[in-house]
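Subject: Structure handover

Hello,

Here is the structure you were waiting for. Please open it first, then read my notes below.

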Amino acid sequence: MLDLDSDVRPSPIGHLSQTASLKRGSSFQSGRDDAWRYKAPQQVIFVEKLTKLVVSQLPNFWKLWVSYVNGSLFSETAEKSGQMERSKKNARQRQNDFKKMIQEVMNSLVKLIRGALLPFSLREGELRQYGGWEMKSELSGQWLTHVIQTVRLSSESLTALEIPNDMLQIIQDLILDLRVRCIIVTLQHTAEDIKRLAEKEDWIVDNEGLTSLPSQFEQCIIHSLQSLKTVLDCKPGEASVFQQQKTQEDVCQLSIGIMQGFIDCLEQLSTKPDGDIDTSHLSVDVSSPDLFGSIHEESSLSSEQRLLIALSNCRYLERHTFLNIAEHFEKHGFQGVDKITQVSMESLKELDQRLFEMYIEFKADPIVGSLEPGIYAGYFDWKDCLVPT
């Protein structure tokens, strides 16, 4: 049974062999008052109980086998010497059988965890046997980090038993896949958070002509990378998450997507129609010169003012923010940082050029409008002039 604690009510999941209940996505709740138990997704509780079961039972099984093989299980007084030697020989001949048993336990553990957290990594037949969590939403990066810690501790416990590394390699492969998935999910959620930054723009301008948006953007990425620190760091025996070319490419593209998402956010804000802007909370830093005089009077920003503020933000992003973010990516071991920075800078400069042209158009239109009537006054036409000699 998964349920090992006397203070926990019996779980409807029941025996591990009864995968039918897993297929139905059966729910189970811990009887503990521990608030964590009520907040934790069922996949997390499942992995906790599963690893606890293996770590609590397997060491005894392993020690019994070691005692059997080296003969310490047999008493010199109780057993005849010849009989003990035969028992030792028999034990040595059964080493492969025992190794197979251990590997079956490891395979079951890993595939059950993959079925709950990485179903796409299983074949169709395995998914039918070990899956059943389709109705559950995918775990967030925070919960995946917690699961990785749980599996790591289990791996350390089994390694301490001096079980051969080749028998535990399957768990190391699982940890690597979980770490990669955690990074991908975290970056995807970060991209979604960045897109929502547009809602937080208050158009409050500081002494440097900037709003708080570039700083919020940088802090959002820093927080995201800090949350991944334990996942990116390698424990003894673990490989780098960036060892695979595909992972490098996926992370690079997601990082570029995050940067592009913020550039799109700036464009959306700077070109938004007047009626779409919430001006109820608009103000300017009292210590800054009132470069946009009508802000106080009308409590609204003109299109030209929005473009000027956006252009100012763009310049700051190019000179400071994007370079700072590149340093943080490098600090956390990301690959392809030069490409991320180059693509982002090019996209930012294109936006800067578009916004500048829009600003010039706003300023030029009234002038052109006043000149055009005079140009066509009198219906002057070159064909009415004498041909030059």
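How much accessible surface does the protein have, and what share of it belongs to carbon and sulfur atoms? The total is about 22000 Å². Carbon and sulfur atoms make up 52% of that surface. Keep in mind that this is a predicted model.

**Overall picture**

The protein has 14 helices and 0 strands. Read along the sequence, the pattern is α-α-α-α-α-α-α-α-α-α-α-α-α-α. There are 389 residues, and 42% of them count as buried. Now take the contacts between residues at least 6 apart in sequence. Of these, 73% join residues at least 24 apart.

**Helix 5**

Helix 5 covers residues 95-117. How far apart should its ends be? It has 23 residues, so at 1.5 Å a residue it should span 33 Å. The C-alpha atoms at its ends are 33 Å apart, which agrees. Several of its residues are buried, among them F98, I102, M106, L109 and V110. The buried residues also include a run at the end of the helix: L112, I113, R114, G115, A116 and L117. An α-helix has 3.6 residues a turn, so residues three or four places apart point the same way.

**Aromatic rings**

The structure holds 7 aromatic pairs. One of them is F217 with F262. This pair is stacked, with 4.1 Å from centre to centre and 5° between the planes. F217 lies in helix 9 (residues 213-227) and F262 in helix 11 (residues 245-270), so the pair ties together parts 45 residues apart in sequence.

Elsewhere, ring pairs link F61, W62, W65 and F98 into a cluster.

**Helix 8**

Helix 8 runs over residues 165-195. Two of its residues are worth a look. Start with V185, which is found in this helix. Is V185 buried or exposed? Its relative accessible area is 1%, under the 20% cut-off, so V185 is buried. Leaving aside neighbours within four places in sequence, V185 is in contact with E138, L139, S140, G141 and L144. V185 and L144 are 41 residues apart along the chain. Their C-alpha atoms are separated by 9.0 Å.

Now go to D193, also in helix 8. D193 is partly exposed, with a relative accessible area of 33%. D193 and F217 are 24 residues apart in sequence. In space they are 9.4 Å apart, C-alpha to C-alpha.

**Two positive phi angles**

Most residues other than glycine have a negative phi. Which residues here have a positive one although they are not glycine? E162 is one of them, with a phi of about 65°. W203 is another, with a phi of about 60°.

Look at where they sit. E162 is in the loop between helix 7 (141-159) and helix 8. W203 is in the loop between helix 8 and helix 9. E162 is exposed, with a relative accessible area of 68%. W203 counts as buried, at 5% relative accessibility.

**H332**

Where is H332? It is found in the loop between helix 13 (303-331) and helix 14 (337-375). Its relative accessible area is 14%, so H332 is buried. A polar atom of the H332 side chain lies 2.9 Å from the backbone oxygen of H328. Not counting residues up to four places away in sequence, H332 touches L225, Q226, L232 and F242.

**Cysteines**

A disulfide is a covalent bond between the sulfur atoms of two cysteines. How many disulfides does a search of the whole structure find? It finds 0. Two cysteines to look up are C220 and C234. C220 counts as buried, at 18% relative accessibility. C234 is partly exposed, with a relative accessible area of 43%.

Best wishes

Key: Residues numbered from 1 in each chain as written. Predicted model: local features only at pLDDT ≥ 70, side-chain atom pairs only at ≥ 80, totals over all residues. Heavy atoms only, no water. Helix = DSSP H or I, 4+ residues; strand = E, 2+ residues; numbered from the N terminus. Buried < 20%, exposed > 50% of the residue type's maximum accessible area, 1.4 Å probe, protein only. Polar contact = N/O pair within 3.5 Å; in protein donor to acceptor, adjacent residues only side chain to side chain. Contact = heavy atoms within 4.5 Å. Expected span 1.5 Å × (residues − 1). Phe/Tyr/Trp six-rings, centres within 6.5 Å; stacked < 30°, edge-to-face > 60°. Areas by Shrake-Rupley, 256 points an atom, 1.4 Å probe, with all protein chains shown as cover. Disulfide = S-S within 2.5 Å.
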